[in-house]
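The following exercises concern a single chain. Please examine the sequence and the model before reading each solution.

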Amino acid sequence: MEFIVLIVGIILLLTLIIKFKFNTYVSLIVTSVVVGLGLGMPASKIADTIQNGIGSQLGELALVFGFGAMLGRLVANAGGAYRIAHTLINKFGRRFLQMAVVVASFIIGIALFFEVGIVLLVPIVFAIATEAGVSVLALGIPMATALSVTHGFLPPHPAPTAIATVLNANAGKVLLYGIIVAIPTVYVAGILFTKIARKMVPSAFERTGNLKALGPQKEFKLSETPSFGMAVLTSLFPVILMAITTIYDLVVHNGVTPTHPNFLDNLISFIGSPSIAMLISLLFAIWSMGYHRNIPSGEIMNTLEDAVKSIAMLLLVIGGGGAFKQVLIDGGVGDAIKTAFASSSISPLILGWLIAVILRVALGSATVSALTAAGLVLPLMQGAGIDPALMVLSVGAGSLAASHVNDSGFWMFKEYFDLTVKETLLTWTMLETVISVVGLAGVLVLSLVV
């Protein structure tokens, strides 16, 4: 019965979003109510469940995403991303242009949400491709790969941070494992797949792109942008803080939380928690990208305010995903899935990935599909003794697969690179699927080691 209600709920969610063009947040809440009633939950309890789901989801995430958006906007508006891209491309040279774009996009992608990163990097990629006389798509695919991988695998991005919250995974550990999985994934999907795609759909590599789709662009003079070192340090500051905490715990305490932590233990744990790491990083960015460059305080604060406006709907959608997840758990769907797969020989990591893939194909949004999948696989993970950090990466990888016409990323890639729908399916959709499959393979290999 629970599975029938779940399927009906997902069909309802799809219908509201795709057919009736309902707002995603509203659709999630409506679906949560209908599914709660269908599962036989007392009507008086459904509202509490939805409120608890939104509250538990957004508690820490509101801080992380808010501060993250502000930090990213400060780096972007100061020209930090522009400096990082141009410096790396000059250092790598024409022969290794693709690798330069990958590294630049990876660094920038950690500080910026996917949509912001792609809007910021496409004009830079176009300019470099024109200057070097290479196809814009030959650099666009590596750029999109690095941005997708950071979006799917690495905190403090929305999906991995949100899944880590649901699955009670250590964000620093997710980050460390995520980087290990991300490096080979970016190489396979960003470099090797580009060669395959060029043979599969050569016409796409003859396009010159469509900068008009991006609207008016902010011009930067390289001499007026922050230094390369400062731009990179600011972008990676939260990653550095979380990595310090994770490495300290692994080296000093073998990854086990000490029963009686001393002052240093508490201090390291404090600076490495995602919300505090993002707060410290934001304060550093306000100085490095603002006051240090003699930017007036009012202008800096306006930048922060604009950044928050840009993520308001994202926060609501994530909260709605948390509500749907909580209804599924409280309504017994999680237990039903646990019972159904209790005797299965398939690894919970693969099941988590598969559930996320199905939801991604159906719902379009990587974040919503990842959140919903996380709620469903939580009982599977607990019963099998799976490392929560690995499950976060598995679900994150699944949430990237098979992006198609119901995903905004599909249309952004199509418009910016001036592709047909068929060409977009053979490049972007295939690329996201390669990232997903290689990411899962990396997680499975890592699970044998850690």
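**Exercise 1.** How many of the 9 residues of helix H8 (residues 158-166) are buried?

*Solution.* This is a predicted model, in which local features need pLDDT of at least 70 and side-chain atom pairs count only at pLDDT 80 or more, while totals for chains, interfaces and linings use all residues. Residues are numbered from 1 along each chain as its sequence is written, and side-chain values use heavy atoms, with hydrogens and water left out. Buried means under 20% relative accessible area (1.4 Å probe, protein chains only). By this cut-off, 8 of the 9 residues of H8 are buried, so the helix is largely enclosed by the rest of the structure. They are Pro 158, Ala 159, Pro 160, Thr 161, Ala 162, Ile 163, Ala 164 and Val 166. After H8 comes Asn 168, with a positive phi near 55 degrees.

**Exercise 2.** Determine how helices H17 and H19 are arranged.

*Solution.* Begin with the geometry: H17 (residues 388-398) and H19 (residues 421-449) pack at about 165 degrees, and their axes are 8 Å apart. Angles over 145 degrees count as roughly antiparallel. H17 and H19 are therefore roughly antiparallel to each other. Their crossing is left-handed. Next, list the contact (heavy atoms within 4.5 Å): H17 contributes Leu 390, Leu 393, Ser 394, Ala 397 and Gly 398, and H19 contributes Ser 436, Gly 439, Leu 440, Val 443, Leu 446 and Ser 447. Sorted by class, this contact holds 6 nonpolar, 5 polar and no charged residues.

**Exercise 3.** Describe the packing of H9 against H19.

*Solution.* Helix H9 (residues 171-200) packs with H19 at an angle of about 145 degrees, the axes being 8 Å apart. The crossing of H9 and H19 is right-handed. On the H9 side, the residues in contact include Tyr 177, Pro 184 and Phe 193, and on the H19 side they include Leu 426, Met 430 and Gly 442. The contact of H9 with H19 comprises 16 nonpolar, 4 polar and no charged residues.

**Exercise 4.** What is the radius of gyration of the chain?

*Solution.* The chain has 19 helices and 0 strands. A compact globule of 450 residues would have a radius of gyration near 22 Å; the chain has 22 Å, which agrees. The C-alpha atoms fill a box of roughly 65 × 60 × 45 Å along the principal axes. Of the 450 residues, 55% count as buried. Finally, among contacts between residues at least 6 apart in sequence, 81% join residues at least 24 apart.

Methods. Axes fitted to C-alpha atoms, helices over the stretch in contact; angles between N-to-C directions. Helix = DSSP H or I, 4+ residues; strand = E, 2+ residues; numbered from the N terminus. Parallel < 35°, antiparallel > 145°, perpendicular 65-115°, else oblique. Left-handed = near helix turned anticlockwise from the far one by under 90°. Nonpolar A, V, L, I, M, F, W, Y, C, P; charged D, E, K, R; others polar. Buried < 20%, exposed > 50% of the residue type's maximum accessible area, 1.4 Å probe, protein only. Rg over C-alpha atoms; globule rule 2.2 N^0.38 Å.
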